[in-house]
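Please have the sequence and the 3D view open while reading.

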Amino acid sequence: MRAWIVLVLVVLGGGVRQSVAQEPPMAEMAKGFDQRLNQTLRDVINRGADLYNAGDPAGSYHLFLGALLTAKPLLDHRPEAQKIIDAGLAEGAREADFKRRAWALRRTLDDVRTQLLLKGDKLEEKKPEPEK
């Protein structure tokens with residue numbers, strides 16, 4: 001009976017250890033998150049540009065504002081990006097009309113996207129795709 005208990009514990013312990021080892025490290029998860037957020041902010045910029053070009057700079061501004069307010073708390077691992085957002089929101093609030101406000105937040109979105117590409121203090125270098 002004792003041998004069975006030991007065998008069960010060894011099997012269960014090995015299974016737990018194996019499942020924990022398969023979880024991606026936090027740095028890898030953050031990198032994946034940063035990439036998804038970068039793509040989402042690109043889509044927000046494109047939709048905001050469509051609104052702006054269709055004659056709705058106020059709609060563009062509010063779309064950009066909502067995206068930045070949503071992204072900020074998700075970037076706890078990127079305090080520099082949060083500072084960029086705070087500065088951009090303040091700049092946008094100081095502008096007199098919605099055209100200038102939209103442009104201020106558009107620049108902020110671009111700066112945040114650049115920050116998301118940073119790895120440490122350097123920009124991640126894009127590796128050339130292998131030739132086929």
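The count of aromatic pairs comes to 2 in this predicted model. A pair of aromatic rings is described by the distance of the centres and the angle of the planes. The points below take each pair in turn, then the helices and the chain.

**Pair Y52 and W103**

- The ring centres of Y52 and W103 are 6.0 Å apart and the planes stand at 75°, so this pair is edge-to-face; the cut-off for that class is an angle over 60 degrees.
- Y52 belongs to helix α2 (residues 26-53) and W103 to helix α5, so the pair ties together parts that are 51 residues apart in sequence.
- Y52 is partly exposed, at a relative accessible area of 24%.
- W103 is also partly exposed, and its relative accessible area is 43%.

**Pair Y61 and F98**

- Y61 and F98 form a tilted aromatic pair, with 5.5 Å from centre to centre and 55° between the planes.
- Because Y61 lies in helix α3 (residues 57-71) and F98 in helix α5, this pair ties together parts that are 37 residues apart in sequence.
- Y61 is buried, with a relative accessible area of 9%, whereas F98 counts as partly exposed at 32% relative accessibility.

**Charge over the rings: R101**

- The charged end of R101 sits over the ring of Y61, at 5.7 Å from the ring centre.
- The charged end of R101 also sits over the ring of F98, where the distance to the centre is 5.3 Å.

**Helix α5**

- Helix α5 spans residues 98-116, which makes 19 residues. From its first C-alpha to its last it reaches 27 Å, close to the 27 Å expected at 1.5 Å a residue.
- The buried residues in α5 are A102, A104, L105, T108, L109, V112, Q115 and L116.
- Viewed down the axis of α5, these buried residues fall within an arc of 160°, so they line one face of the helix.

**T108 within α5**

- T108 is found in helix α5 and is buried, with a relative accessible area of 3%.
- Leaving aside residues up to four places away in sequence, T108 touches L68, I84, I85 and G88.
- One of these contacts, L68, is listed among the buried residues of α3.

**Helix α3**

- Helix α3 has 15 residues, and its reach from first C-alpha to last is 21 Å, close to the 21 Å expected at 1.5 Å a residue.
- Buried in α3 are P57, G59, S60, Y61, F64, A67, L68 and A71.

**The chain as a whole**

- The protein chain has 5 helices and 2 strands.
- Read from the N terminus, its elements run α-α-α-α-α-β-β.
- The chain has 132 residues, of which 26% count as buried.
- Among contacts between residues at least 6 apart in sequence, 61% join residues at least 24 apart.
- The accessible surface of the chain comes to about 9900 Å², and 58% of that surface belongs to carbon and sulfur atoms.

Notes. Residues numbered from 1 in each chain as written. Predicted model: local features only at pLDDT ≥ 70, side-chain atom pairs only at ≥ 80, totals over all residues. Heavy atoms only, no water. Helix = DSSP H or I, 4+ residues; strand = E, 2+ residues; numbered from the N terminus. Expected span 1.5 Å × (residues − 1). Buried < 20%, exposed > 50% of the residue type's maximum accessible area, 1.4 Å probe, protein only. Arc of directions from axis to C-beta. Phe/Tyr/Trp six-rings, centres within 6.5 Å; stacked < 30°, edge-to-face > 60°. Lys NZ or Arg CZ within 6 Å of the ring centre and 35° of its normal. Contact = heavy atoms within 4.5 Å. Areas by Shrake-Rupley, 256 points an atom, 1.4 Å probe, with all protein chains shown as cover.
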